[in-house]
Amino acid sequence: MSDTAPKNYLNEQKGIKSWLLTHDHKRIGLLYLYSIMTFFLVGGVFAVMMRLELWTPPSDLFSPDTYNQLFTLHGAVMIFLFIIPSIPAALGNFVLPLHIGAKDVAFPRLNLASWYIFIIGALFAVYSLVSGGVDTGWTFYTPYSVTTSTAVVPMVFGAFVMGFSSIFTGLNFIVTIHKLRAPGMTWFRMPLFVWGLYATAIIQVLATPVLGITLALLIMERVVGIGIFDPAMGGDPVLYQHFFWFYSHPAVYIMILPGMGIISEVISALSHKKIFGYKAIAFSSLGIALTSFLVWGHHMFISGQSELAAMVFSFLTFFVGIPSGIKMFNWVATLYKGSIDLRAPMLYALAFLFLFSIGGLTGIFLGAMSVDVFLHDTYFIVAHFHYVMVGGTVMALLAGLHYWWPKMFGRMYSEGMARVSALLIFVGFNMTFFTQFMLGIQGMPRRYASYPEQFAPLHGYSSVGSLIMAAGFILMGFYLFYSLFKGARADKNPWGATTLEWSIASPPPSGNFDNVPTIDSDPYEYKTAAGPNG
Amino acid sequence: MSHSSDHPANLAHHFTEVEQQQESAKLGMWLFLLTEILLFGGLFCFYAIFRAWNPDIFHNAHFHLDVVMGTLNTVVLITSSVTMALAIRSLQLDQKRAALWFLWSTLILAGIFLVVKYFEYAHKFHLGQLPGKYYTFQGIEGTNPHIFFSVYFLMTGLHGIHVIAGMSIIGWLIVKTSRNRFSSQYYTPVEMTGLYWHLVDLIWIFLFPMFYLIG
């Protein structure tokens, strides 16, 4: 056993086959991690190309048609290939069984299958990309998505296939959480990340099939012409919007809920203090999941739905603010009088608190009908969405990635470079997107390749910001890659955290726990507010 | 595995006892069935909306479905659900021959269902009672009668795909059963397939009155 390096899940088996046929949740988590990082790079390149085009008012770098494809592909790649699988399938797969004291997820083969299904779906999306792209926007609204000559069918089919991957991950997690908790791991002793994943999994299982059938109908409409979205044939294009948002609104909570779970972990661990309001945070995750199914109509205030429906949807949308606010206050209360360790995971968690507050509050503006009618389809929407998705989910993903990196690979990254990178991303992000709130209020509509001279200064700022943010990500890619080979060896608990994954070696052995642990205390039992390793 | 000494052969390494594994499989299967209901739920929604908008077309068009064939298929599918349940029961009693017999019956009944469906489809193809822009039939009053056939072919088509999937799984169960893979100690896959098959049956029980018996 103890020759040079202790046996762990990374070195016990070698060769490409041992990865492609693995049933180990940790390795599958890494397969997902590498996949989403690749697609994040692709989506990011599209984003930078867009910002370069928008640097100056005329559409000079790309033709307007190419620009339409750029924003569509940026959206579709980032949503379906990056953000939806990012936290649950990559970090969740790695951490969930460790958090509840299990040896693996309930269905390891299904877990591997879900990755292959994801890759097959992704291949269809890539095929669409190289065979003419898509210019409908990531929402594939009818009737345009039925009539455009671009490669809609492979992209939509790819999203359809990836939906099954998401369903299988969610199903696997629900069963794992119900049936594979270690002895003594009661529901209220589970780390809050697990609660976040549980709420996410419920949405994945309940909402994704509806997206599946919607996209299948869109394909049928385009290929066979069944007429159900075509007013000339007695169909209704607004029906498509209802179906699409019935999934896609809950889907934005698929993106944010696991992120909120990570923030709970990181804030508690790096302020060395018991989380404030454990049950409130746990139940607010379920509250958000439940409410998420009842608000889809707020995407459609100007689509011609009935005023009554719009009012009900608007009212219910305000409701989402309550559980989100509960979480926010509990996190801040956890920080209060904690022994705060400002290393990289905490920096990203603090960035999350700051940016998600802005994203969430502007969401309340947009939930108010009169304001939404004015701001609909402007850059204000773009800014709000990115404050929630990048300021929220991506910051949480980065917090989690930096937090669990030593556990995943047994190496520490350069803390100094991580801080520089966090700063670049934070500054670059705010430059890019805060300006877009202003552009939106001034009336700049989204999805245009050219714009009047008066918007040039703000667009210029935004474009410079995007390059600063890109520099931050490139630096991160560099130091993370470097750490894999030259990073200092991480001990098993570099943050002084109390959850179960920190009680085993870094990287963990293949079977996770030598002996099944018995749990007799809460997940965040910090005796005193001591420093790391204290 | 260090704990293999008291680890039964059918128990995967990450479970501690057989019961835990069985319950996990059951919960997973029920969740899967839930996703199936939601998948069809979208189509049920479509049906409800288009029927509410076009009550006359749905009424006029439904006369062109063959109630006799529909009823026959309903009986066939319900019978297949019974034989599926009996197959599980036989395995619980360790009666392998009976289990095989019932599984074969289920498979054959599913085949009969598809054959009947084939004749129904072929007849409609012949008359041009097809979805959307391929609709050429002249005999139904009202605007956009093709909508009825769009919804009809979508729903029965998706159901038919589920029947075919079920048949291939049952075929696999037949192979496994004849190789003595299942017994009263371990028959989880058969039980799970049974749950799936009952759902496929149940969906048809909704589809039949919705299309054939619009009164």
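This is a predicted model: local features need pLDDT of at least 70, side-chain atom pairs count only at pLDDT 80 or more; totals for chains, interfaces and linings use all residues.
Asn512(A) lies in the segment after helix 15 of chain A, and its phi is near 70°, a positive value in a residue other than glycine. A positive phi of about 70° is also found at Arg447(A), again not a glycine, which is placed in the loop between helix 14 and helix 15 of chain A. Arg447(A) is classed as partly exposed because 13 other C-beta atoms lie within 10 Å.

Although 81 residues separate Asp491(A) from Gly410(A) in sequence, their C-alpha atoms are 7.3 Å apart in space. A cis peptide bond also runs from Thr142(A) to Pro143(A), with omega near 0°, and Pro143(A) belongs to the loop between helix 4 (108–130) and helix 5 (144–147) of chain A.

As a whole, chain A is built with 15 helices and zero strands. Its C-alpha trace spans about 70 × 45 × 45 Å along the principal axes. The radius of gyration of chain A is 23 Å, which agrees with the value near 24 Å that a compact globule of 534 residues would have. Of the 534 residues of chain A, 55% count as buried, and among its contacts between residues at least 6 apart in sequence, 85% join residues at least 24 apart. Confidence in chain A averages a pLDDT of 94, with 98% of the residues scoring at least 70. Over residues 529–534 of chain A, however, pLDDT stays under 50, and for this stretch the model has twelve contacts beyond four places in sequence.

Helix 15 of chain A has 31 residues and reaches 45 Å from its first C-alpha to its last, close to the 45 Å expected at 1.5 Å a residue. Its buried residues include His459(A), Ser462(A), Ser463(A), Ser466(A), Met469(A), Met476(A), Leu480(A) and Ser483(A), together with Gly465(A) and Gly472(A). An α-helix has 3.6 residues a turn, so residues three or four places apart point the same way. Among the elements that cover the buried residues of helix 15 are helix 2 (25–53) and helix 14 (415–441) of chain A. Helix 9 (residues 278–292) of chain A has 15 residues and reaches 21 Å between its first and last C-alpha atoms, close to the 21 Å expected at 1.5 Å a residue. The buried residues of helix 9 are Tyr278(A), Ile281(A), Ala282(A), Ser284(A), Ser285(A), Ile288(A), Ala289(A), Thr291(A) and Ser292(A), and they pack against helix 7 (192–223), helix 8 (237–270) and helix 10 (307–335) of chain A.

Chain B has six helices and zero strands, and its C-alpha atoms fill a box of roughly 75 × 30 × 25 Å along the principal axes. Of its 215 residues, 33% count as buried; among contacts in chain B between residues at least 6 apart in sequence, 74% join residues at least 24 apart.

Between the two chains, 27 residues of chain B are in contact with 29 residues of chain A. Helix 1 (18–53) and helix 5 (146–178) of chain B each supply at least two residues of the side of chain B that touches chain A, and the largest share of that side, 16 residues, comes from helix 1. By residue class, this side of chain B divides into twelve nonpolar, 13 polar and two charged residues.

The largest nonpolar core has 215 residues, and those with the most contacts inside it are Ile174(A), Tyr198(A), Ile263(A), Val266(A), Tyr348(A), Phe352(A) and Ala399(A). Not counting residues up to four places away in sequence, Ile174(A) touches Tyr198(A), Ala201(A), Ile202(A) and Val205(A), as well as Leu31(B).

Methods
Residues are numbered from 1 along each chain as its sequence is written. Chains are lettered from A and ligands numbered from 1 in the order in which they are written. A nonpolar core is a set of buried Ala, Val, Leu, Ile, Met, Phe, Trp, Tyr and Cys residues joined through C-beta atoms within 7 Å. A residue is buried if 20 or more other C-beta atoms lie within 10 Å of its own, exposed if 12 or fewer, and partly exposed in between; C-beta atoms are placed from the backbone. Two residues are in contact if their C-beta atoms, placed from the backbone, lie within 7 Å. Helices (H or I, at least four residues) and strands (E, at least two) are DSSP runs, numbered from the N terminus. Ala, Val, Leu, Ile, Met, Phe, Trp, Tyr, Cys and Pro count as nonpolar, Asp, Glu, Lys and Arg as charged, and the others, Gly among them, as polar. The radius of gyration is taken over C-alpha atoms; the globule rule is 2.2 Å times the number of residues to the power 0.38. The expected span of a helix is 1.5 Å times one less than its number of residues. pLDDT is the predictor's confidence in each residue, from 0 to 100.
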